Amino acid sequence: DYYPENEKIYGEIDNNAGYELCALLSSLSRYTRVEDLDLFWDGGNLTHNEDGTAIITEKLLIDNSSKYSADQIEIVLKSKFGLNKIIFIPVEPYDVLGHTDGIVRFISKDKLLLAQYPEKYTSGNEYLNQVESILKKELPSNIQIINLQIEQPKDNSSSGVYSAWGNYINFLKINNKVFFPWYEANNYGEASFKTLQNAL
């Protein structure tokens, strides 16, 4: 729903690319199973620890509320993905995407990164404190929460989507390699990188 009317074609292109990727993956391995999932859902709105626990924002519930209840969605996700614990967190104010990938990130079965804004960004930290409270209540007791400093979001956007400048938690991890984002004029990059290094 965040695509402007004149850009909805890009959503269709993304969706078709997903179908093509699934077809390719299933052709490469007879062990790969592809199933349609009748949900409006962005890939950036999921983090899981590969041990049955997942975190998703309530955007998934909101986008599918006309067809499914929250309980129905949870049943589908648990059956399709083998999850036993799904924690829904609120969407960050002003985040039209509603993704988790700029807020929380599992880096192992028992370690979860949680973004932390600069102290002066009070409204952002109020939101993150709310998320942390939910996580402490809902996460299995063996999972450690590690705060990772990120920059205050810049007040600019492209096509209605705010810039991800300064978000160090949305890195790419492939096997034992991490591709860590770096930004000009950053304040927390080196400290955040060290936090990540120590956590891995």
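1. A residue is called buried here when its relative accessible area is under 20%, and exposed when that area is over 50%. Please keep in mind that this is a predicted model. With that cut-off, Y117 counts as buried because its relative accessibility is 7%. Y121 is likewise buried, at 17% relative accessibility.

2. These two tyrosines are also worth a look together. Y117 and Y121 form an edge-to-face aromatic pair, with 4.8 Å from centre to centre and 80° between the planes. The whole structure holds 6 aromatic pairs.

3. Another pair to find is Y168 with Y183, again edge-to-face, at 5.4 Å centre to centre and 65° between the planes. It links distant parts of the chain: Y168 sits in the loop between β8 and β9, Y183 in the loop between β10 and α5. Both Y168 and Y183 are buried. They belong to one aromatic cluster together with W165, F180 and F193.

4. Now for the strands. β4 (residues 104–108) and β5 (residues 111–116) pair in the antiparallel sense over 4 bridges, and they form a hairpin with 2 residues between them. Within this pairing, V104 has L114 of β5 as its bridge partner.

5. On to β6 (residues 144–149), which runs parallel to β5 and is joined to it by 6 bridges. With helix α4 (residues 122–138), β5 and β6 make a right-handed β-α-β unit.

6. L21, L24, L25 and L28 make a nonpolar patch of about 400 Å². L21 lies in helix α1 (residues 8–28) and counts as partly exposed because its relative accessibility is 48%.

Terms used:
Residues are numbered from 1 along each chain as its sequence is written. This is a predicted model: local features need pLDDT of at least 70, side-chain atom pairs count only at pLDDT 80 or more; totals for chains, interfaces and linings use all residues. Side-chain values use heavy atoms; hydrogens and water are left out. Patches are made of residues with over 30% relative accessible area and no salt bridge: like charges are joined within 9 Å, nonpolar side chains (Val, Leu, Ile, Met, Phe, Trp, Tyr) within 5 Å. Accessible areas come from the Shrake-Rupley method with a 1.4 Å probe; for residues, only the protein chains shown count as cover. A salt bridge is a side-chain nitrogen of Lys or Arg within 4 Å of a carboxyl oxygen of Asp or Glu. Buried means under 20% relative accessible area, exposed over 50%, partly exposed in between (1.4 Å probe, protein chains only). Two strands pair if DSSP finds at least two bridges between them. A crossover is right-handed if, with the strands pointing away from the viewer, the path from the first strand over the helix to the second runs clockwise. Rings of Phe, Tyr and Trp (its six-membered ring) pair if their centres lie within 6.5 Å; planes under 30 degrees apart count as stacked, over 60 as edge-to-face and the rest as tilted.
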